[in-house]
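Visitor: Could you walk me through a few helices of this protein? Please put the model up first.

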Amino acid sequence: MTDQLDLLPAERQGRSLTVLDERARGTRFLEVSPRSVLNSSASTRMGFWSINPYVGCEFGCTYCYARDTHRYAVERSGMEPEPLPDWEAFERRILVKTGVDEVLERTLDPARLNGQPLVIGTATDPYQPAERRFQLTRRILQALLRFRGLAIEIISKSPLVVRDIDLLQQLGERHEVTINVSLATLDRRLARRLELKSPVPEARLRGLRRLTAAGIYAGLLMAPILPGITDSRAGMGRLMGAAKEAGARYVVGSALRLGPAARRRFLPVLASEFPELADRYARHYARREGVSPAYQRALSERIQELRRRYGFSPDESWSRKRPRAARPEPDEGGVTAEAQPLLL
């Protein structure tokens, strides 16, 4: 019988990751030891390099497009499967990349970036609650002090970024530093329906004010802009006005993307909170991950109109971060700014 071949291979036993911390609310922080931490522009097909100190995010925004990254990371790590749906594991099983700063310092070659920005926090928020405990983002900033001449950006919803003002000022003497404060609405109740565990809008604006008062180049990232929910001229105008008062140097905006994992989380929330939009969203995003070209044209024109109204330069928002040829321009033959942008 020793020659008998198994019909099926033995089931692979997943390994357990070290639990670094656990919260009463059910969140576990699990240690992973990365061999590489930089995502090249070629691998992501974006015009920048990126680094994310955490995989998963306790903010758990219902529309977050990065939920698939958590599933992929868990599969690659060989971690034992959790008895949680993917969307919940993303919010409750946070992978902490210990040693991320050491790996970055060892592997970062500024020449390979070829002038492209290095963005911290493209998939998950680098100043999410885990950062108070593990301080990986701060260590990344400290590691970057050993280099010169980079274009460094941070994307965050959290006012915790002001903790690192001292480092950001030092980095500003050696690099081109930009902080994108992410906020899609001033309406606190609306924000709670979409991103229950994220900092309230007022806290993010206070953080923006402190950054700009400290001489740090910072502005407003309106993202994601949700069709029919956060894209009204009045709502976006109030948000731009508040950002201007807080000292924002620029405003940029991007419309909602919904990949498969994000759809599984967001569409049920939409059906509950905005049932009048649920069918339209489901039909549209069943065929694509982004908005239609007509919607994007109308949205771009609306943003440009509001930029002019609130005193933001249409070019300043991109001048530090993108080559001029890469800037999106409104389509003069497209939908006019007076028309309500439509998802379909």
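Guide: In this predicted model, the face of helix H13 turned away from its buried side carries the exposed residues Pro-275, Glu-276 and Asp-279, where exposed means over 50% relative accessible area, buried under 20%, and partly exposed in between, with a 1.4 Å probe and protein chains only. Local features need pLDDT of at least 70 and side-chain atom pairs pLDDT 80 or more, while totals for chains, interfaces and linings use all residues. Residues are numbered from 1 along each chain as its sequence is written, and side-chain values use heavy atoms, with hydrogens and water left out.

Visitor: And which residues of H13 are buried?

Guide: In H13, which spans residues 275-285, the buried ones are Leu-277, Ala-278, Tyr-281, His-284 and Tyr-285. Viewed down the helix axis they fall within an arc of 145°, so they line one face of H13; the arc is taken over the directions from the helix axis to the C-beta atoms.

Visitor: What covers them?

Guide: The cover over the buried residues of H13 includes helix H12 (260-273). Helices here are DSSP runs of H or I with at least four residues, strands are E runs of at least two, and both are numbered from the N terminus.

Visitor: Switching topic, how do H11 and H14 pack?

Guide: Helix H11 (residues 233-245) and helix H14 (residues 293-309) pack at about 45°, with their axes 10 Å apart, the axes being lines fitted to C-alpha atoms over the stretch in contact, and the angles running from 0 to 180 degrees between N-to-C directions. H11 and H14 are therefore oblique to each other, since angles under 35 degrees count as roughly parallel, over 145 as roughly antiparallel, 65 to 115 as roughly perpendicular and the rest as oblique.

Visitor: Which residues of H11 meet H14?

Guide: Arg-233, Met-236, Gly-237 and Met-240 of H11 do, and their partners in H14 include Leu-299, Arg-302 and Glu-305, with contact meaning heavy atoms within 4.5 Å.

Visitor: What about H7 and H8, at what angle do they cross?

Guide: The axes of H7 (residues 136-144) and H8 (residues 165-172) cross at roughly 25° and come within 10 Å, and these two helices are therefore roughly parallel. Their contact is made by Arg-138, Leu-141, Gln-142 and Leu-144 of H7 with Asp-166, Leu-167, Leu-168 and Leu-171 of H8.

Visitor: How many helices and strands are there overall?

Guide: The protein has 15 helices and ten strands, and of its 344 residues 52% count as buried.
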